[in-house]
Amino acid sequence: MSKIALVDDDRNILTSVAMTLEAEGFEVETYNDGQAALDAFDKKLPDMAVLDIKMPRMDGMDLLQRLRQKTQMPVIFLTSKDDEIDEVLGLRMGADDYVKKPFSQRLLVERIRSLLRRQEAVSGETVATTPETKVMERGNLRMDPLRHAVAWKGDDVSLTVTEFLLLQALAQRPGFVKSRDQLMDVAYDDQVYVDDRTIDSHIKRLRKKMRSVDSDFSAIETLYGIGYRYNEE
């Protein structure tokens, strides 16, 4: 049973979403501000967190920043209806996905299940002998899906589930272009729609992390209007 943490200062959302998730078989913990959640996470981490952005004491952005210092567990942001800046900033800070308020609880459940399935596949909890589970080496890059481990020139790079899957999809076929739609299919279930800027934000975050260990990293090439390509170095 996966444990989901819900963090939102709206008690109505906490109550209704918690009831829905529990009915779907999840174990749910609720917090009405970021600081309360962080205090609890310091003792034991959940399997996934769903965070509101605007909260008292500690908002969702600050909480995400703290979390990313110690864990790459999946995080979904709840954003206000028209606040595109929050969505993009959240993705660039390391969130895996976002859902706009007001939202369909069925949509949120689908997004949660999608990310958990991908986390299980990446972490090796569902092991199969496929190209996706074998250690992959491409020039300076080494990826071990069963350990969710990435190294560039021997230096470890910590990636979220979504970032790992996007890099894996690009590096599997160096020199071949992956469109944004193809990358969406890799990172999200077919029934889950995300727009182009979501993929772009994940790629920018991925590049930033790779450049944190190698300022000259340039293996991921943007082909404007087409997609992305991995060039083996």
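## Salt bridges in the predicted model

A search of the whole structure, which is a predicted model, finds 16 salt bridges. A salt bridge is counted where a side-chain nitrogen of Lys or Arg lies within 4 Å of a carboxyl oxygen of Asp or Glu. Side chains of opposite charge can pair when their charged atoms come close.

## Pairs that involve K101

K101 and D8 meet through their side chains in a salt bridge of 3.0 Å, N to O. The two residues lie 93 residues apart and link distant parts of the chain: K101 is in the loop between strand 5 (97-100) and helix 5 (105-123), and D8 is in the loop between strand 1 (3-7) and helix 1 (11-23). Helices (H or I, at least four residues) and strands (E, at least two) are DSSP runs, numbered from the N terminus. D8 is buried, with a relative accessible area of 1%; buried means under 20% relative accessible area, exposed over 50%, and partly exposed in between (1.4 Å probe, protein chains only).

K101 also forms a salt bridge with the side chain of D52, at 3.1 Å, N to O. D52 is buried, at 6% relative accessible area.

The side chains of E137 and R142 meet in a salt bridge of 3.2 Å, N to O. R142 is partly exposed, at 39% relative accessibility.

## Basis of the values

Residues are numbered from 1 along each chain as its sequence is written, and side-chain values use heavy atoms, with hydrogens and water left out. Local features need pLDDT of at least 70 and side-chain atom pairs count only at pLDDT 80 or more, whereas totals for chains, interfaces and linings use all residues.
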